[in-house]
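Trainee: Could we go through this structure together, one question at a time?

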Amino acid sequence: MTLCIMGWLSKFFKGSGHKISEERCREKYGEDATGYSPSCSGEMWSENENEDIDRAIALSLLEENQKGKSAIDNSFQLEEDEQLARAIQESLNVESPPRYGNENAYQPSIPVYFPMGYRVCAGCNTEIGYGRYLNCLNAVWHPDCFRCRACNLPIIDYEFSTSGNYPYHKSCYKESYHPKCDVCKHFIPTNPAGLIEYRAHPFWIQKYCPSHEHDNTPRCCSCERMEPRDIRYVTLNDGRRLCLECLDSAIMGTNECQPLYLDIQEFYESLNMKLEQQVPLLLVERQALNEAREGERNGHYHMPETRGLCLSEEQTVSTILRRPKYGMGNRNMDMITEPYKLTRRCEVTAILILYGLPRLLTGSILAHEMMHAWLRLKGFRTLSQDVEEGICQVVAHMWLDAELMSGSGSNVASTSSSSSSFSSSSSSSTTLKKGTRSQFERKLGEFFKHQIESDISPVYGDGFRAGQQAVLKYGLRRTLDHIRMTGTFPY
């Protein structure tokens, strides 16, 4: 339409139409149009021609006005879109919550503008269009896609925790990573400095609140683990507590202990250390053991909890004949005891062992006390405490090692790699008639070995380490010969 009007007007302006087009072209590109005004021939037009010219000018002005209006509309639309985008971004910045990870606060990040097509949700990997989104953990998310790693529910709280690059609800993070007390089953509290402080058993790694060391929480008299609130330990007649796992292999009476006594006698024979005299073995309660210890004139240094004695004096002790039954509250009852008079026929009158301990612990104590008996029966001089207790601990450790080897598939005690390094004179092997041990019993045996190895006392601990070093270097027989002659370990 414009071209038609301009073509018609050119007839009247006699060539000035070319100058008009040039002017508009330069305005479009921003050029200077000064001096380019339209020319006029000075001819007079008719009335009809004047009407035609007026009509053409009106149409031309109308078209220019519509073009201007269209440009204004487009400009207004762009401005409106920009205002809407700014409003959405400001809304998100205000409503997006502060983030916290690993109990440390994240500073709110500076808003980042993502052009359409580049704003992809890190949860579902789809483009985020118009609407709310979250900008955290160096990524953007649909609000419903920002989910807890533990429970898989959306995180809508103003705080959250992180582990690695994964977000968690604070409660889920605490449930997954905050340590719980193995005794009271509660979350271990923080100390005044805001740090989580707890105690842990060096072998079992049982974690517990520091307060349980002072609130009379019972420990198992065998494995030393603390009693959990939801599991009741067995209470023995002398007040000791025994966990249910240790109870499973506990030896409760003298008659019940006789097969174990025979096994250890065979173990001594395999080391060419047979006891010629038959020494009585009695299982007793704590009080009877302590009374017997006080009756010994030449008693040795003992652990805080005396669990075995090799007696040389004539005494009357109360021994356990029948193991107890267990009633309400896991208390034992109906245990039968009787007095037993010890008569001195040789240097050793009896071996006493504390009742109610697991088989492996009972056996290691018995192997220890039998070494005391062997030294006395073989006429060894009176030894210093660290030497005598040390060599007795070495033999107890050897027996535990042989038992654990036999329970894992090797049934030969004296020809195992561990036992053969201790004995240079053993020529016979003894088959230990044991079945495969449970996983806990094997763990328990390793714990008893660990107790011997890590003992810090100058008599039992240092004495064992000195004796073990000598036996590893010279063998058991040569070490014993040196002790007989000098009263000390060879170095």
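Trainee: Which residues does Ile-391 touch, not counting residues up to four places away in sequence?

Mentor: Before answering, note that this is a predicted model, in which local features need pLDDT of at least 70, side-chain atom pairs count only at pLDDT 80 or more, and totals for chains, interfaces and linings use all residues. Residues are numbered from 1 along each chain as its sequence is written, and side-chain values use heavy atoms, with hydrogens and water left out. Taking contact as heavy atoms within 4.5 Å, and setting aside residues up to four places away in sequence, Ile-391 touches Met-371, Leu-375, Val-471, Leu-476, Thr-479, Leu-480, Ile-483 and Phe-489.

Trainee: Which residues touch the most other members of the largest nonpolar core?

Mentor: A nonpolar core is a set of buried Ala, Val, Leu, Ile, Met, Phe, Trp, Tyr and Cys residues joined through side-chain atoms within 4.5 Å, where buried means under 20% relative accessible area with a 1.4 Å probe and protein chains only. In the largest such core, which has 80 residues, those touching the most other members are Leu-242, Tyr-268, Leu-352, Met-371 and Ile-391.

Trainee: What is the bridge partner of Leu-282 in S18?

Mentor: Strands here are DSSP runs of E with at least two residues, and helices are runs of H or I with at least four, both numbered from the N terminus. Strand S12 (residues 281-284) is covered on both faces, with Leu-281 and Leu-283 buried on one side and Leu-282 and Val-284 buried on the other. Strands pair if DSSP finds at least two bridges between them, and S12 is joined by four bridges to strand S18 (residues 350-354), the two running parallel. Within S18, the partner of Leu-282 is Leu-352.

Trainee: How many Å apart are the end C-alpha atoms of helix H12?

Mentor: The expected span of a helix is 1.5 Å times one less than its number of residues. Because H12 (residues 460-474) has 15 residues, it should span 21 Å, and this agrees with the distance between its end C-alpha atoms, which is 21 Å.

Trainee: Is Tyr-168 buried or exposed, and with which side chain does Tyr-168 make a polar contact of 3.2 Å?

Mentor: Tyr-168 lies in strand S6 (residues 166-168), and Tyr-168 counts as buried because its relative accessible area is 7%. A polar contact is a pair of N or O atoms within 3.5 Å; within protein, one must be able to donate a hydrogen and the other to accept it, and residues adjacent in sequence count only if both atoms are side-chain atoms. At 3.2 Å, the side chain joined to that of Tyr-168 by such a contact belongs to Tyr-177.

Methods:
Buried < 20%, exposed > 50% of the residue type's maximum accessible area, 1.4 Å probe, protein only.
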